[in-house]
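Please have a look at the structure before reading on.

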Amino acid sequence: DDVIDEGDVCATGCVPAAERCNGRDDDCDDAVDEGVECAISPETIVDVSAGLKHTCAIDGMGRVFCWGANASGQVSPPAGADVLVPRLVSGLEGVFVEVAAGGFSTCARRVDGRVFCWGENEHGEIGAGADPETMPQLPPTQVVGITNAVQLAGGYWNHCARLADGSVRCWGQNESGELGQGTDGDLSSTPLQVMRLGERVTDLSFFIGAGCAVRDGNALCWGYNVEGMVGNGTTNNQLVPSTLVELEGPRVSAVGVGGADDGGAIRYYGTSCAIADGTVWCWGSERDGAAGSGTAPTTEPILRPQDTGFAAVEIEVGGRHACARTAAGRVHCWGRDTNGQTGCLPFRNAPGAPVPLAPEGEPLEDVTLVAAGGFHTCVRLGTTELRCFGWNDAGQRGDGGPTDGLGSEECRPVRVELIP
């Protein structure tokens, strides 16, 4: 359930599974990684995260690799040219179990619950208490005040962490209330507890100025809301978390938030989705069919059409596309596909029902993790194979292929190797 040592959740709602070496309490006994061999193969892919134009992954030894755009040092210090193949992040020590790639910065969670961030710090998104004006970029630095994180969520100019007690802390920009403090305007370079969420949060997602969380089976969202991505029936920014209009009731298990910046009149746009009883609901921007209404932005959740028997367990939202995965390893995607980020869907950038992810004509099988970035996507097959596809203008696919500045369209998933 992706949560470490949360006593009340283990006692009331955790479904025991075989304990694995992943820094999590899989068997719900309030112990982590007990009775298993943690000297697993370096080829194991522990986690993967796709940001705006960079990607990161963790191997079986707990090492963090990143690749793609590095102008702010979000791949690895020092800042510089794009990185076309995975690079071991310098300055990190210890075993890491989770990584969150944001817009221009990255955070990783160590097995002991401490969080380290690096890259752009102009909005305080590193969370180290450093003055953004004097330290606009930072190498891997420990986030202050967080020693028991169990989940991370990366945003454009923010990051958030869910703690073992079920509370949520966020830091960085706050122009639209994305810190959940009931105010807007002032950034924070130190983590602040999001109001109204309490200590019973079980899932978390954040991206372009907005965040969503699951508490007691309900989805609550806050922050930037111009195109309705908060899902409360309005287009006003939401300064504290609010319950979604159509998804009240204890049935939501996961949330996903995505979006991008197009530089237009409505500069930032985003879409949010949730899984409720295995079905997928989305709201917010309808650019390229990301939300699913096929017309205007929707300020309330709408049910996505899906195949009979398709019960989603994971939802990932990218810049203008989204993907959902089942426990059996099937993936359906929808939304923008002009750069191959959804595997070259048959309707190519037109709203429609979610379609099986089949980049080479055959649906991908045994997918165990999905990561949706700005305009690219990565999947983990089984436990050791990582493949990425979509836009590659900054090398975010990780195969060392060409970056022509306009983006190399690539529907075929390329295999990515994590080699120190």
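This is a predicted model: local features need pLDDT of at least 70, side-chain atom pairs count only at pLDDT 80 or more; totals for chains, interfaces and linings use all residues.

V64 is worth a visit of its own. Leaving aside residues up to four places away in sequence, V64 touches A57, I58, R87, L88, V89, L92, F96, V99, A108 and W118. In soluble globular proteins, nonpolar side chains tend to be buried together.

## Aromatic pairs

Across the whole structure, a search finds seven aromatic pairs. One of these joins F104 and Y156 edge-to-face, at 5.8 Å centre to centre and with 70 degrees between the planes. F104 sits in the loop between β5 and β6 (105-110), and Y156 in the loop between β9 (149-154) and β10 (158-163), so this pair ties together parts that are 52 residues apart in sequence. Are the two partners buried or exposed? F104 counts as partly exposed because its relative accessibility is 23%, while Y156, at 2%, counts as buried.

Y156 also pairs edge-to-face with F207, at 5.3 Å centre to centre and with 80 degrees between the planes. Since F207 belongs to the loop between β13 (201-206) and β14 (210-215) and Y156 to the loop between β9 and β10, the pair ties together parts that are 51 residues apart in sequence. F207 is buried as well, at 8% relative accessibility. Ring pairs link F104, Y156, W157 and F207 into a cluster.

## Backbone features

Now to the backbone. Most residues other than glycine have a negative phi, and most peptide bonds are trans. Here, a cis peptide bond joins P77 and P78, with omega about 0 degrees. P78 is placed in the loop between β3 and β4 (83-88).

Which non-glycine residues have a positive phi? R196 is one of them, with phi near 70 degrees. Its place is the loop between β12 (188-193) and β13, and at 57% relative accessibility R196 counts as exposed. D277 has a phi of about 55 degrees and lies in the loop between β18 (268-276) and β19 (279-284). D277 is exposed, with a relative accessible area of 59%.

Key: Residues are numbered from 1 along each chain as its sequence is written. Side-chain values use heavy atoms; hydrogens and water are left out. Contact means heavy atoms within 4.5 Å. Rings of Phe, Tyr and Trp (its six-membered ring) pair if their centres lie within 6.5 Å; planes under 30 degrees apart count as stacked, over 60 as edge-to-face and the rest as tilted. Helices (H or I, at least four residues) and strands (E, at least two) are DSSP runs, numbered from the N terminus. Buried means under 20% relative accessible area, exposed over 50%, partly exposed in between (1.4 Å probe, protein chains only).
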